[in-house]
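Hi,

Here is the structure I promised to pass on.

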4 protein chains.
Amino acid sequence: MDFAPDATAHEYSERARAFLDEFVLPAEPVLDAQLAATPDEWGVRPIVRDLQREARARGLWNLFLPGERGAGLNNLQYAPVAEVTGWSPRLAPAAFNCAAPDTGNMEVLNEFGTPAQQEQWLEPLLEARIRSAFCMTEPDVASSDATNIGTRIRRDGDHYVITGRKWWSTGAMNPDAAIFIVMGKTDPDAARHRQQSMILVPRDTPGVRIVRPLTVFGYDDRDHGGHAEVAFDDVRVPAANLIAGEGEGFAIAQARLGPGRIHHCMRALGMGERALALMIARAAERHAFGGALAEQGVVREWIAEARIQLESLRLLVLKTAWLMDTVGNRHAMTEIQAIKIAVPRAVQQIIDRAIQLHGGAGVSSDTPLAELYAGIRSLRIADGPDEVHLASLGRAQLRS
Amino acid sequence: MDFAPDATAHEYSERARAFLDEFVLPAEPVLDAQLAATPDEWGVRPIVRDLQREARARGLWNLFLPGERGAGLNNLQYAPVAEVTGWSPRLAPAAFNCAAPDTGNMEVLNEFGTPAQQEQWLEPLLEARIRSAFCMTEPDVASSDATNIGTRIRRDGDHYVITGRKWWSTGAMNPDAAIFIVMGKTDPDAARHRQQSMILVPRDTPGVRIVRPLTVFGYDDRDHGGHAEVAFDDVRVPAANLIAGEGEGFAIAQARLGPGRIHHCMRALGMGERALALMIARAAERHAFGGALAEQGVVREWIAEARIQLESLRLLVLKTAWLMDTVGNRHAMTEIQAIKIAVPRAVQQIIDRAIQLHGGAGVSSDTPLAELYAGIRSLRIADGPDEVHLASLGRAQLRS
Amino acid sequence: MDFAPDATAHEYSERARAFLDEFVLPAEPVLDAQLAATPDEWGVRPIVRDLQREARARGLWNLFLPGERGAGLNNLQYAPVAEVTGWSPRLAPAAFNCAAPDTGNMEVLNEFGTPAQQEQWLEPLLEARIRSAFCMTEPDVASSDATNIGTRIRRDGDHYVITGRKWWSTGAMNPDAAIFIVMGKTDPDAARHRQQSMILVPRDTPGVRIVRPLTVFGYDDRDHGGHAEVAFDDVRVPAANLIAGEGEGFAIAQARLGPGRIHHCMRALGMGERALALMIARAAERHAFGGALAEQGVVREWIAEARIQLESLRLLVLKTAWLMDTVGNRHAMTEIQAIKIAVPRAVQQIIDRAIQLHGGAGVSSDTPLAELYAGIRSLRIADGPDEVHLASLGRAQLRS
Amino acid sequence: MDFAPDATAHEYSERARAFLDEFVLPAEPVLDAQLAATPDEWGVRPIVRDLQREARARGLWNLFLPGERGAGLNNLQYAPVAEVTGWSPRLAPAAFNCAAPDTGNMEVLNEFGTPAQQEQWLEPLLEARIRSAFCMTEPDVASSDATNIGTRIRRDGDHYVITGRKWWSTGAMNPDAAIFIVMGKTDPDAARHRQQSMILVPRDTPGVRIVRPLTVFGYDDRDHGGHAEVAFDDVRVPAANLIAGEGEGFAIAQARLGPGRIHHCMRALGMGERALALMIARAAERHAFGGALAEQGVVREWIAEARIQLESLRLLVLKTAWLMDTVGNRHAMTEIQAIKIAVPRAVQQIIDRAIQLHGGAGVSSDTPLAELYAGIRSLRIADGPDEVHLASLGRAQLRS
């Protein structure tokens, strides 16, 4: 249970931190300007390409991916790097080619894809030549319950035909998102967790229709390719596009979830640290009623509580990473669930207090806080609301 | 201490409720369509004009305004009507010509304006021919502390010259917002609360410059005329534009605040009721893990807690209204402060839980919840953050 | 919906307040001394008798009881008086002969008792010549679910025979508690709410056995007659001791609950006010780190929050009382449930913060705070835990 | 940053756990019976002596003490053992001779005592032949502010003369508590943190007067020797009784605090684990409204939240222990403060929820929960209230 970053992790996170300070944070206003200049586009902006080039040259590339195709970092080593990227969630993950949902999609292809699937889709994703989307959640059913899925994937000779409607397909508004991984039911009569399959659907397949973009608290997350509602109307793809095999969809989703959740938590810690840093700076510089905010008891309490929360939850994230590395994702399920619940909730409170301390600047775009809030708030819903995870974790304790 | 709506209040609120159900709620998607059709405009949309015409015909007009020019309702009578408008804050207040900041500005002109000022600005506002803005908050100082104000209003012969920078001037992006009430210091050397004055600045006066719109979370509140940063660079207006007299600014602001705060709270109750109604509907219709959400203990607790909060805080709002009507705003200061703190906070929690229950639909624009959240969250900052009011209320208790 | 105390209520509560200040609060250390002098006794201490004599002489007697036998106050009129007694829960309710469980028991006898039952038991209770106990809760089952009750009441000729085990029989350790009202099942096969009956069991009936006293946190509540576990082993009483009729037990319990709950809430407000008064006094007088506690932001927030909570919840209690008086207890069920949940919880937080502000004096017997805490904490369990009421209230909202 | 228990720690904690299960938990009712049999005595009960004998024979003795006189465990190794003792705070710490305040007093004598002081007082303490008390807190001043101390220690020839009044001298009611370590001011004019000294005062010195016992939520903690108010009226002791030197009192107190605080937190985790275990058992076995409590969503949430809290805070405690072992107590101040705030607060909530789930059994002595609550609640006051530590920690962050 040694959580300290080893030499490799230390070295990578130092370099990531330097890159953040030198390139990423200064690029934030550039991104804003580029977004303002082309308000109707959904593609990757030039500044992201610039950052990617620089990051790749520095070896800060695909660090999330275990194995030969990535940098060879395990979860515990990747954690401090991912936390750094959380300081600038609009730019840093993309700059390092470590942004969701591409990360999860690359993991799926890396672990479950055939060589042909890997060559066609994984390679260009690893080089950031294309982007991807993951089409899982559906508007009509509670998607935390996988047996609810309504999308159908029917075998028809050498093809599969997909029919259904998805939403919250993050990144799918971006025309560069060339490939969609779609979850649906191949056999609704099979055992509960063997009904689902995953299949690769190229964006330009007939019948794929981008219905509309969705917003998160008013943000369209255009810089990430947004979040799309996507209709699949009798979409026909070759049978070879199926990933792993019929009935494997639930298992693949589970395999994808563990890393996805912990990566979100690692980044969330960075978001919390940035909010705390902004809170501290504001408290020191802002005056009201004859004194600095830093001298007010309530402000000090907020800062102290934030520090305590971040310290204890970081340890829980690191322990989870260590467990995933040593005993495997499956035996770290309780811990993964615990951080999925606890980290976003705590970081949300930290960001909310930072907003309060900044007043009007906090809710506007003059600080990154309101957008960070929207992001962290939706994390408490994405991939199962807190309450589902609490119930599951409570049940596990009752059984133990 | 009789809080029950009397016959007048009952009759008005029944009519307002019927109007809401019949006209306003169905108009919400129309507004969305009109906004989408002209995404770059800041003016009032046609649907609002339609609703205004209909509401005025039904006598649901200027109900907020005491005295002869309004409908003659006191605060206690206005409360249930204002609550109804909170169900649709983007449309209902404007439809009834009861939307901030026009309401507060009309109150100021009604109470402190000269006949000439009233004729020129109050009359068209009462008929919704123009809109207005209130320029108080400044980006560089904590505006909850009035002695902080940096804007200067200097006498120069028959004119005043205004120099300063304001932000969060709600409605000012709307080109129909023809008149701005600006707060500034006429005498920085006077006693603490006699330094400030208020002055009328027509929008088209040379030196008035709309710097940029601000966003609240990701919303630009375009349908309300947005929130502007406004620069005043040596803006010269006739001396007759001063309201009430030099040094009266703080007193006018105080007089404007009481009604403003309670109106916000009344509407907030309606926002909370709408979120609760959505929560109940969702709980009844949505199924997961083999049962309706309504059967889950946590959901029931949220609904019960929301009902308890709304009931108890409505009583506190009504008591406050009753005190304002009977002993005057000045003697209701503790209660006004109490509701300013307690109501938005409770309603925020109700809306947040409604969001959580709605999952992805909650954070998107498919429900009004995320936008309601942004609105109520910023209320906890506007006109002094919660913490300033808590400190003040605590101090008052310690003195009592 | 006029909640203001009328002339009667005003006059009674003024007199109660004067009596509290002049007699009851000064008697608290006397009670402590008398308790310390006879540590093994469970009976009423002399100081209580003294206060009863004085209160009765002043007409502050049996004020809780509606109708001819009481003072003729309705719930709304009684509320401010009951709140006054909450300032000193160990002494004031008993001094006014308004202490639970005697109040509820007197109500039951007053409303459902035969003339003979009233003569034998109600009259001496009204004169405080005897005390009583209410034996409802059982150690082996969740007593919030009335169908769980295990005690049996079997007809045997002209008698009933009672067998079962009860606990939390408040007051039953006091040898003067001459009469027990016992709830049990006469017909376990009847409809769910027609199985239960209530019966009068004199303390000295063979087979009645006081098993042991219970403690609440470390308090034995000796001054209230404690809380007993009581065994009923084939206890035989005349059939005439049955109250109202077989199968009426549940309905009587329901009738008893409404007033019982609101009286608890009224007193709880007084407990909260006393804690707040102690908090304010402490904040003003105590110094640390160079300043009075009153100057610390956190302390001011606690005081402000307490004031807001007490104001809004008092209004909810008054509205509930008004509803009970005007439309009847049955139509005030939602409000009764709401205050049962909300008031003790809020008052608990106020007392807890007052404890925190008093440091070591807060947890010890040097202030009344720790004992107030124990009392209010157990209210959140007595007569159904908060969670049962929240679920029930939530369900009612979902149906409405 | 390797927190895993090493072989030594693992072996000790396994043995401690076995001893707890086999001897300590079964001894709890024995202690209750012995306390009931001699209700007026304050000394150690026979069962504690029995457990001490057995524990010592098993080498589970003085494990808290670093260095040669103890078992040679460092903080990280001691942590899991101390957590085990938290399961039964009335018996286990005393059984292992690891109970406060003796532990802290032994540490002081071990680190700062002269050979003569060690021979006279440390040796019998290490063998549990005597007990001790630490007289620091005073009734008249906020003791979190050391400059407030009112007790005076005046040099008079070969003696010191002590005058003052202390309270919350834990253990001092026990007549076996033969030695008191008293903090007072030797030089009120010295620098702020050089005014205080510590001195050894044998219990039987003339002028030492046990004024009264104090209670914590009704508990007199008789099994720990209670908590005393102690008066020192011109108490004369030899100059050789001074510990370390004049002006060293503050530094000694600081040195004593670090281990004291972390030991409290380690034990508190055990208290939380016991409450959680009781909650789980109750949820599984208790039925209401047709189902086990375990099937209710709210119960599952409580259990899940408790598990998450205990996991994350245990890691923070272990990191703190590791820091104390590796970089020293002084460089672990932030972490020590963080756990001092966060652990008791979280454990308090867990115990409170366990109480709620147990209903009447929870507040009574039928479960250990109410007494655990009283203990953990007072920890949030002892040695500086949470708010003082939050302010200090917040200030440190603002400086960093």
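Below is what I found, going from one whole chain down to a few details.

A word on conventions: this is a predicted model, where local features need pLDDT of at least 70, side-chain atom pairs count only at pLDDT 80 or more, and totals for chains, interfaces and linings use all residues. Residues are numbered from 1 along each chain as its sequence is written, while chains are lettered from A and ligands numbered from 1 in the order in which they are written.

Let's start with chain A. It has 12 helices and 10 strands, both being DSSP runs numbered from the N terminus (helices: H or I, at least four residues; strands: E, at least two). The C-alpha trace spans about 75 × 55 × 40 Å along its principal axes. The radius of gyration of chain A is 21 Å, which agrees with the value near 21 Å for a compact globule of 400 residues (taken over C-alpha atoms; the rule is 2.2 Å times the number of residues to the power 0.38). Of the 400 residues, 60% count as buried. Buried means 20 or more other C-beta atoms within 10 Å of the residue's own, exposed means 12 or fewer, and partly exposed is in between, with C-beta atoms placed from the backbone.

UniProt, in an unreviewed entry, lists residues 133-235 of chain A as "domain: Acyl-CoA oxidase/dehydrogenase middle"; such annotations may be inferred rather than shown by experiment. That span is 0% helix and 50% strand, and its end C-alpha atoms lie 16 Å apart.

Now to chain D. Helix 5 (residues 102-112) is largely enclosed by the rest of the structure, because 8 of its 11 residues are buried. Its cover includes helix 6 (115-126), strand 1 (131-135) and helix 7 (249-285) of chain D. By contrast, P188(D) counts as exposed, with 11 C-beta neighbours inside 10 Å. P188(D) sits in the loop between strand 4 (177-185) and strand 5 (196-202).

Finally, how do helix 8 of chain B and helix 8 of chain D (residues 297-326 in each) cross? Their axes come within 7 Å at roughly 100 degrees (lines fitted to C-alpha atoms over the stretch in contact, with angles from 0 to 180 degrees between N-to-C directions). The two helices are therefore roughly perpendicular, the word for 65 to 115 degrees. G297, V298 and E301 of chains B and D make the contact, meaning C-beta atoms, placed from the backbone, within 7 Å.

Cheers

Terms used: Two residues are in contact if their C-beta atoms, placed from the backbone, lie within 7 Å. Angles under 35 degrees count as roughly parallel, over 145 as roughly antiparallel, 65 to 115 as roughly perpendicular and the rest as oblique.
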